[in-house]
Amino acid sequence: MDFKELATVSGKPGLYKVLKPTRSGVILESLDGKKSKLVAGMSQRVSILSDISIYTLTEEGAEPLKSVMQKIEKEFSGDLGLDSNPDDSELRAFMKHVLPEVDEARVYISDIKKLISWYTLIRAQAPETLSEAKEADKSEEKKED
């Protein structure tokens, strides 16, 4: 599974795997234990995770979500070190640690909470999504040698 196969639907919690497109929308399957299916029509806003970025103060202006999640996986390996109900300052500090150039004015606490919940869900249901990039990076390094 890849970030191009994972989606979020506005107004609905959690993440979904894209099964296949239809004429009027897309068929999705939830990543939770229930594996419930959903047909998202044109009226629902579906966002593919590979298209989502986090605002930064760099020249590019944003960092892809996949890259941020890979940094979290590389550094924390699942143990984020956050309380069960972290306060705003703890969430901001976590985000600043993971992505030092984050644009704090445009990245809200709710965005950080979503990032953490999505990371936790992906790590539990589709851990290969986070590890595939490591293998790809290793193969690219071998090609360069």
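At what angle do H1 and H3 pack, and how far apart are their axes? In this predicted model, the angle between H1 and H3 is about 70 degrees and their axes are 11 Å apart. Angles of 65 to 115 degrees count as roughly perpendicular, and H1 and H3 are therefore roughly perpendicular to each other.

**H1 against H3**

- On the H1 side, the contact with H3 is made by Leu65, Val68, Met69, Ile72 and Glu73.
- On the H3 side, the residues that meet H1 are Leu115, Trp118, Tyr119, Ile122 and Arg123.
- By residue type, this contact of H1 with H3 divides into eight nonpolar, no polar and two charged residues.

**H1 against H2**

- Helix H1 spans residues 65-76 and helix H2 spans residues 88-98.
- The two helices pack at an angle of about 95 degrees, and their axes are 10 Å apart.
- H1 and H2 are therefore roughly perpendicular to each other, as the range for that term is 65 to 115 degrees.
- From H1, the residues Val68, Lys71, Ile72, Glu75 and Phe76 take part in the contact; from H2, they are Phe94, Met95, His97 and Val98.
- The residues of this contact of H1 with H2 comprise six nonpolar, one polar and two charged.
- Val68 and Ile72 of H1 are listed in the contact with H2, and Val68 and Ile72 are also listed in the contact with H3.

**The buried face of H2**

- Glu90, Leu91, Phe94, Met95 and Val98 are the buried residues of H2.
- Viewed down the axis of H2, these buried residues fall within an arc of 135 degrees, so they line one face of the helix.
- What do the buried residues of H2 pack against? Their partners are strand E6 (53-55), H1 and helix H3 (109-125).
- Phe94, Met95 and Val98 are among the buried residues of H2, and Phe94, Met95 and Val98 also meet residues of H1.

**The five-stranded sheet**

- The sheet is open, with five strands in the order E4-E3-E2-E1-E5 and antiparallel pairing.
- Strand E4 (37-41) and strand E5 (46-48) stand at the edges, each with a single partner strand, so one side of each has no neighbour in the sheet.
- From one strand to the next, the twist averages 45 degrees.
- Strands of a sheet pair through backbone hydrogen bonds, in a parallel or an antiparallel sense.

**Strand pairs and hairpins**

- Strand E1 (residues 6-9) and strand E2 (residues 16-22) are paired antiparallel over two bridges.
- The hairpin of E1 and E2 has six residues between the strands, and Gly11 in that hairpin takes a positive phi near 85 degrees.
- E2 is joined to strand E3 (residues 25-30) by six bridges, and the two run antiparallel.
- E2 and E3 also form a hairpin, with two residues between them.
- Lys20 has Ile27 in E3 as its bridge partner.
- E1 and E5 run antiparallel and are joined by three bridges.

**Glu63**

- Glu63 is found in strand E7 (residues 62-64).
- Is Glu63 buried or exposed? Glu63 has a relative accessible area of 17%, and because buried means under 20%, Glu63 counts as buried.
- Neighbours within four places in sequence aside, Glu63 is in contact with Ser53, Ile54, Thr56, Val68, Lys71, Leu99 and Glu101.
- Val68 and Lys71, two of these contacts of Glu63, are also among the H1 residues that meet H2.

- Lys4 lies in the segment before E1 and, at 60% relative accessibility, counts as exposed.
- Apart from neighbours within four places in sequence, Lys4 is in contact with Ile48 and Ser50.
- Lys4 and Ser50 are 46 residues apart along the chain, and their C-alpha atoms are separated by 5.3 Å.
- Asp87 is in the loop between H1 and H2, where a relative accessibility of 43% makes Asp87 partly exposed.
- The C-alpha atoms of Asp87 and Ile109 are separated by 9.4 Å, with the residues 22 apart along the chain.

Methods:
Residues numbered from 1 in each chain as written. Predicted model: local features only at pLDDT ≥ 70, side-chain atom pairs only at ≥ 80, totals over all residues. Heavy atoms only, no water. Helix = DSSP H or I, 4+ residues; strand = E, 2+ residues; numbered from the N terminus. Buried < 20%, exposed > 50% of the residue type's maximum accessible area, 1.4 Å probe, protein only. Contact = heavy atoms within 4.5 Å. Axes fitted to C-alpha atoms, helices over the stretch in contact; angles between N-to-C directions. Parallel < 35°, antiparallel > 145°, perpendicular 65-115°, else oblique. Nonpolar A, V, L, I, M, F, W, Y, C, P; charged D, E, K, R; others polar. Arc of directions from axis to C-beta. Pairing = 2+ DSSP bridges.
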